[in-house]
Structure formats: structure tokens, C-alpha cells
Amino acid sequence: PAANASRTSQLGFKPIQGSKADAIVLPPGYTHDVLIRWGESLFSSVPDLDATKLDAGVLFEPKAAEHQRSQFGQNCDAIHFFPLNGRSDHGVLCVNNEYTDDALMFPRHPGFRGLRGAVSREYVKQQQQVVAVTKAAQGVSIVEIVRKRGSWQFVKDSKYNRRITADTPINIGGAARGAALMKTKDDPTGVRAFGTFANCAGGETPWGTYLTAEENIQDYFANLDQLKARNDVDPFIVDAHRRFRMWSAQCPYNWDVVDSRFDLAVTPTEPFRFGWIVEIDPLDPTSTPIKRTALGRFAHEGASPVIARNGRVAVYMGDDDKFEYVYKFISAGRFDAKNRAANRNLLDQGTLHVARFDASGKGQWLPLVFDPKGPLNAAAGFRDQADVLIKARMAAYLLGATPMDRPEDVEANPTTGRIYIACTRNESRTVEPGTTTYGGREIDSAPNAANPRGANNFGHIIEIAEAGDDHTSLEFSWEVFLLAGDPSGDRLITDLTQVKTDSAYYAGYANAAELSPIGSPDNIGFDRIGNLWIVSDGVQPHVSNNGCWVTPTSGPNRGRLQQFMSGPVGCEVCGCQFSPDNETLFISIQHPGEGGSTAKPRSHWPDGGKHQPRSSVIAIRKEGGGPVGS
Ligand code: FEO
Ligand code: CA
Ligand code: CA
Ligand code: CA
């Protein structure tokens, strides 16, 4: 049976051990290309970032921001591959650039102290330049790529190449378009936002567009206390910020200091224009991206669309914060495979739902719909559907959604339709019954059936089967698929009624000797035969580097999870996207060297020698060809 199972899962690689090496570690017979690095220019008219100056500690160049607007952004995250002419060796790659690390961008940066008080004109100019560069290094990078004589490279000057930054104009679609909370001085009608940032994971639609998810947007907005002190601002606006953890004074990115959009005391409604899913047409570089507000506003990890049997589109989404929720949008209209243009606004109309996981193993998708006679009405703080979408976290709380251990990627298995949710971890999940105040409300912090470990230090994965295998169903059954950790010794359980804080559970797989330890699952992906691929962001059981793992989801080897790849020191591994022929696995290496300084780098990946580390996209292949993992 084992031989048969490995044929059906086609996983024949020799698993690797967790590694602390400052390198990409792969099984024997595998190789990788570094496809594109932070600072490489997409156009020959603009120079690449001068990495030697970075190494030498030069603060920045006068044209750094202008150049960065044409260069690959920093800290790559989600990756999606859009084939050109149906090919697996030629396509357009959409890559998120989630955030910036000032310490790595501006070596020997004296530290950002803001512009208030007595500062020199030179200092003001410097800070303006820092903000301009970091705004340009976030957002999305779109780049044509091709595989030639076996190795992948990007195509400079391709007509598809494009940068979308924290200042790019983006239309607002869906019920929150034009809503009172969406209006600002710069956009008095609330129909056009400026930029996208904190872009974490993403998704692709069946009509060939890219979805980018705005996640930790709260870290860009400062001075909540000053906003609260203003007595000329509608208290409704102030209260609407409660469920996002906005910064009371200074915030990590300091954009507010030179751009009042990010100063809550000056622009109280700007944050409502972020925290959305943004749809981008990668094949039309002149198109304006659109924020799809019908999909709700929260710390979006990603968005995974699936076409239901009746033609409606279900989009599965996680809200990555402690004790937040899992969502599903169902479109009102139906997908038309023969008419791409007809699908372009499918994500503007439909119903957003949030998941409640019951101890019985069943669950419900609860609709987030404004209704004067229902729970989401004026008395509950919602004047219309726009308020419900903008304050989706509050609405979900009032409906009794199940608070989860940081839901990251939510993806559908292409062979079974089952849905997998990666909950990365939650150190604040308590062992004993109790409540905690987190995210602007009091919440039950005790373990629940779908989040069975307190504390949850290594994360877990939940598997959902929609009732009748119908993605528009409002009922589902669910089970725990994985409790991450170290399966060696007596930690591995095969019976979930035995769960303890340090238990590991691998879908019931009993042979610990064949399993790899894993912690902090984040992005997940599927190959076309339904193996679940997992990449990690955070602590590992043996303090090894983040990496990539794979497990079959059906057959006798269901749950036999083994490590496939390990990343360089200090990085998070994200992306996890296959070419259609499954012969290439695209991975983002985000923040290599994190925790070090430019004076004492912890990593020199990928340039080697004494170079500073640089986030980059890699393409992994099997030497001599064949599906990755075989
Ligand atoms: Fe940006 Fe939830 O990881
Ligand atoms: Ca990240
Ligand atoms: Ca993530
Ligand atoms: Ca993460």
C-alpha cells in the first residue's frame, strides 16, 4: 500500500532535516534560480539598486525613490503565476511587497525621530526621502518571466512590467464605494483611494486577475490619542477604529510625519480605505486596480476564489490577528467562462459570511448583512451595508463567529474541493477557561474545538468540507488536519480527545519516524494532484530556519508531512505557487537576516560574500525535469 500511496501522491523526494544554514536547502536532485531580488529594475531606463553602496552603508541616493518606483519592491510575499499563451515556461508573475525594513534599506540610518520640534531643513528632506522610498518599495511588483535552457529569468522592459505602490490611484468598488466613512479631503466622493500597502498573501481569479490582500494596515496610522482628543470629529468615526489596533502616538513606518494621510488626527477616515482585497489585471498594465469592498475590511491574509457548481464564485479569506475569523464571500452573479469582461465586477456584489465552528464537527457560514430587524442594525452600530463591510470584524463578533488562532492562508484543494485553513499560532490562547481583551473587545480566550491547544505555540490547520460539496452552502463539516509541533517521542497523538499543549497531530498518521517537525504554518498551496504544500513564518520546534513542507491529503499517507526546503537565516518563507505543469515551485524569501543589523548582518543571502541580505523570489525545479516533489 505504501508504494501505491507514494505513486498517487507522487512524492518521492528525500526529506531534508530542519536547517540553520544561511542557504536554500533542497532535497538531492533539486535546484533553484534566484529569479528577482529587491532593487532589480524592471526597466533598462532605470538602474538597479547599487548593492555595493548598500554594503558600504551609504544612506541613500537622491533618486532612490524615483528608481524604486521602477524596481522590484522589498520583502516579497504572495506570488501568483499567470501563464502567457497557456505556457508553463512563460508568464506574468504578480508578487506582493509586504513591508519595508528601514534598517536594511538605509544602513546606518540614524533612526527616525520625526519632524516635530526643532529639526534642520536637511533632516526634514532626508525623512521625506526615506518615506518616499519606503512607500515606493511596498505594494505589488508585476513582471514577465520566462524559462530558457532550464533556468528562469525575468524580462526587462516587458510591456507587462509594472509597479503598484502606496501612492498608485486605486478605484473603490462594492457597497462601501462613496460611503461617508470612505471620504477624505483628497477624495471627497470616496471613490478612489491612493495606493496599497501591507500586501501579504493573495489569490487569483478564474478570469485571470490577481487579488492582493491588505493585511497589517494599522501599523501605518499614527496619533489615535490625538484623534480621540478632538471634539469636532464624529464619535462614530473614532469608534469605528476600535477593532483595528491603530497606534496611539508614533507608528512603526512614520509615514504620517511627512504625509498627513497617515496622521489620524488630520485624516480620521483614511484607514477605512485600507484593509481590503484589491483586484489587479496583470495583462493590462494601464488598468486601474479596484478595491473590492464587498469582501470586507480586516487584516486580509489572502483570498482564494473557487467556482461553485452553480457558477457563483466563493472566495475564502482569513483575518490574520489573534482571535480573528475566517470568511467566505459568495458572489451574486455567475462566472462566464466564455466572456472575461463579464466577470470583471463579479466581486462587487454578493454576500460576505463568517465561520462559526461548532464542537459537533459541523459549522455555519453566518451572513454579514445590514438589516434593521437583524443583529447588524443601527442600534448595533451599523447604518448601512457599507458600515457592515468597513467594520466587518465588529459585525463578525456580534454574530458569534469563532475566534481563531490567527487565520493565514485559506485554500481549496483542487482535487477534492476541501478547504484548508492555516492558523499560524496564538501564544495568547489560554490553557484554562478565561477571557482576554484583544482587538478592541473582550473575547473568550480558552481553547475551543477548532483551536484546541492553549497556548498554541506552533499553529495548526483545519480542514473544511462544504455540505454537499457545494461552495455556496452555508453549512459545513470540519476537522483538525494538523497540530503543528514536534511529532517525535510521545507528543504525536492519533486521537484528538487526548490533546495537550505539547501534542502534535498529523491527520492521524501514526509513524512519528516518517514525519518532520513544523511550526508556524502561513501560506499554503496545492499541486495539481492535491498534495498540500506549507511554508512557514515563525518559530520552529528546533529553532531551525523557516521552510517548506508537503503532505498528501488523501490515501494512506494522508498527514505524512515531510520537509522539502529550508530558507536562509532570519527569513520567512512565503508564496508557494506552482507553474501549471508543476515543474516549478515559486517561493518568496522575505526578510532574510531579520534580527541582524547592517553592521552585523545575520545573513548574506542571496548575494553571498559580505553582502547585505536581500529579499528575493526563487524558482525551484527538479534537475532533469518532473513535478516538484516527485
Ligand atoms: Fe503577513 Fe499574516 O502574514
Ligand atoms: Ca510576511
Ligand atoms: Ca503571511
Ligand atoms: Ca505570518
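In what order do the four strands of the open sheet with antiparallel pairing run? The order is 27-28-29-30.

This is a predicted model: local features need pLDDT of at least 70, side-chain atom pairs count only at pLDDT 80 or more, and totals for chains, interfaces and linings use all residues. Residues are numbered from 1 along each chain as its sequence is written, while chains are lettered from A and ligands numbered from 1 in the order in which they are written.

**The sheet.** Select strand 27 (521-526) and strand 30 (562-566), the edge strands, each pairing on one side only. The twist averages 25° from one strand to the next. Strands (E, at least two residues) and helices (H or I, at least four) are DSSP runs, numbered from the N terminus. Pairing takes at least two DSSP bridges between two strands.

Now pick residues 532-536 and 547-551. These are strands 28 and 29, antiparallel and joined by four bridges. Find I534: W549 in strand 29 stands opposite.

**Helix 9.** Move to residues 392-399. Six of the eight residues are buried (20 or more other C-beta atoms, placed from the backbone, within 10 Å of the residue's own). Among them are R393, M394 and Y397. The buried residues pack against strand 15 (322-324), strand 17, helix 8 (385-390) and strand 23 (441-444). Next comes G400, with a positive phi near 85°.

**N343.** Go to the loop between strand 16 (326-334) and strand 17 (350-357); N343 is there. N343 counts as buried because 20 other C-beta atoms lie within 10 Å. Beyond its neighbours within four places in sequence, N343 is in contact with W207, F335 and D336 (C-beta atoms, placed from the backbone, within 7 Å).

Methods: A residue is buried if 20 or more other C-beta atoms lie within 10 Å of its own, exposed if 12 or fewer, and partly exposed in between; C-beta atoms are placed from the backbone. Two residues are in contact if their C-beta atoms, placed from the backbone, lie within 7 Å. Axes are lines fitted to C-alpha atoms, for helices over the stretch in contact, and angles run from 0 to 180 degrees between N-to-C directions.
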